[in-house]
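Please look over the sequence and the structure before reading on.

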Amino acid sequence: MSRLQGKVALITGAGRGIGRGIAEGFVREGTKVAVNDIDGQAAQATVVRLMEMGGEALAVPGDVADESAVQSIVRETLGRFGHIDILVNNAGIATYVPVAEMSSAEWDRTIAVHLRGAFLCTRHVLPHMLEAGRGKIINIASQRGQKGGAGLAHYAAAKAGIIGFTKSLALEVSRHGIHVNAIAPGPIRTGRPASERFHQTVAGLPIGRAGEIEDVVPTAIFLACDDSSFYVGQTLCPNGGDVML
Ligand SMILES: NC(=O)c1ccc[n+]([C@@H]2O[C@H](COP(=O)([O-])OP(=O)(O)OC[C@H]3O[C@@H](n4cnc5c(N)ncnc54)[C@H](O)[C@@H]3O)[C@@H](O)[C@H]2O)c1
């Protein structure tokens, strides 16, 4: 029996990249997946791929920073699958811009997608998990939330916020059967053209190579299944040694 057989996961930003990889990994473990992305075509393409793999999947497009969209995403997921066992707050954006040149709009949008998005999805899924007395919430942070990054103050602040959010939520809900943890990946190749910054970061990694999506997926599966039941408010770091805690 697969470790996540019969579970239902809602994964945000799963139209491509790490979120899509986690969706594929979950389907291999027997999970039904609601695929969110702000890009509806990308969400649908992931659903087609998951169904080709033999999985059950539903596209729930929408902006995670928009509360009415999040309410629809959760409603549609529950309408189709009846429950949500696993929430992966993965949707994210990243731009490089020094603080001295950053517009308040760029700051606000980055914080909104990462932090407000994770809060809103959690806020609207949590009552159902509390009622069920069980659930797994996995927040995708970043090594930038631990070590910072020049040109990434908005992103690093959001990701550090995700780690604080993860700890605080874990303090609130762990005794109600809900497990909350984060993953802080290092630089991961996602198929999109890599920036010069990405190559510089990879060159400094102790492991001497970039991360692959498959370097992150096993951590997500571990946190989603009962093997990790004694992990509470932790941040796991598949990062090639970029940050050693
Ligand atoms: N790739 C890396 O090196 C790396 C490293 C550390 C952390 N991360 C984090 O992992 C997560 C996934 O990153 P990725 O590299 O796969 O990125 P990606 O850009 O390949 O995928 C992100 C997905 O999120 C979607 N998205 C963006 N804004 C959204 C919104 N408001 N609502 C819903 N969906 C939205 C995008 O359309 C996209 O499909 C992000 O949170 C990112 O910050 C990535």
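Where in the structure is the place of Ala91? In this predicted model, Ala91 sits in the loop that runs between strand S4 (86-89) and H4. Ala91 counts as buried because 24 other C-beta atoms lie within 10 Å. Leaving out residues up to four places away in sequence, Ala91 touches Thr12, Gly13, Asn36, Val64, Val113 and Gly117.

**Around the ligand**

Ala91 also belongs to the surroundings of the ligand, where 28 residues form the shell and the closest are Gly13, Gly17, Ala91, Gly92 and Ser142. Two elements, helix H1 (17-28) and helix H4 (104-132), each give two or more residues to this shell, and the largest share, 3 residues, comes from H1. Sorted by class, the shell around the ligand holds 13 nonpolar, 11 polar and 4 charged residues.

**The pair H3 and H4**

Helix H4 takes part in a helix contact as well: helix H3 (residues 67-81) and H4 pack at an angle of about 35°, and their axes are 9 Å apart. The crossing of these two helices, H3 and H4, is right-handed. On the side of H3 the contact is made by Glu67, Val70, Gln71, Val74 and Leu78, while H4 contributes Leu120, Cys121, His124, Val125 and His128. Taken by class, the residues of the contact of H3 with H4 divide into 6 nonpolar, 3 polar and 1 charged.

One of the residues in this contact is His128, which has its place in helix H4. Is His128 buried, partly exposed or exposed? His128 counts as partly exposed, because there are 17 C-beta neighbours inside 10 Å. Apart from residues up to four places away in sequence, His128 touches Leu78, His83 and Ile84, and Leu78 is among the residues through which H3 makes its contact with H4.

Ser72 lies in helix H3, and with 16 C-beta neighbours inside 10 Å this residue, too, is counted as partly exposed.

**The nonpolar core**

Which residues of the largest nonpolar core touch the most other members? Of the 65 residues in that core, they are Val33 and Val35, and the largest share of the core, 9 residues, comes from H4. Not counting residues up to four places away in sequence, Val35 touches Ile11, Ala14, Ala23, Ala43, Thr46, Val47, Ala57, Leu58, Ala59 and Val60.

Leu58, one of the residues that Val35 touches, has its place in strand S3 (residues 57-59). Leu58 has 20 C-beta neighbours inside 10 Å and therefore counts as buried. If its neighbours within four places in sequence are left aside, Leu58 is in contact with Ala34, Val35, Val47, Thr77 and Arg80.

**Separations along the chain and in space**

| Pair | Apart in sequence | C-alpha to C-alpha |
|---|---|---|
| Ser72 and Arg134 | 62 residues | 22 Å |
| His128 and Ala14 | 114 residues | 22 Å |
| Leu58 and Tyr231 | 173 residues | 29 Å |
| Ala91 and Leu205 | 114 residues | 25 Å |

Conventions:
Residues are numbered from 1 along each chain as its sequence is written. This is a predicted model: local features need pLDDT of at least 70, side-chain atom pairs count only at pLDDT 80 or more; totals for chains, interfaces and linings use all residues. A residue is near a molecule or strand if its C-beta atom, placed from the backbone, lies within 6 Å of it. Helices (H or I, at least four residues) and strands (E, at least two) are DSSP runs, numbered from the N terminus. Ala, Val, Leu, Ile, Met, Phe, Trp, Tyr, Cys and Pro count as nonpolar, Asp, Glu, Lys and Arg as charged, and the others, Gly among them, as polar. Axes are lines fitted to C-alpha atoms, for helices over the stretch in contact, and angles run from 0 to 180 degrees between N-to-C directions. A crossing is left-handed if the near helix is turned anticlockwise from the far one by less than a right angle, and right-handed if clockwise. Two residues are in contact if their C-beta atoms, placed from the backbone, lie within 7 Å. A nonpolar core is a set of buried Ala, Val, Leu, Ile, Met, Phe, Trp, Tyr and Cys residues joined through C-beta atoms within 7 Å. A residue is buried if 20 or more other C-beta atoms lie within 10 Å of its own, exposed if 12 or fewer, and partly exposed in between; C-beta atoms are placed from the backbone.
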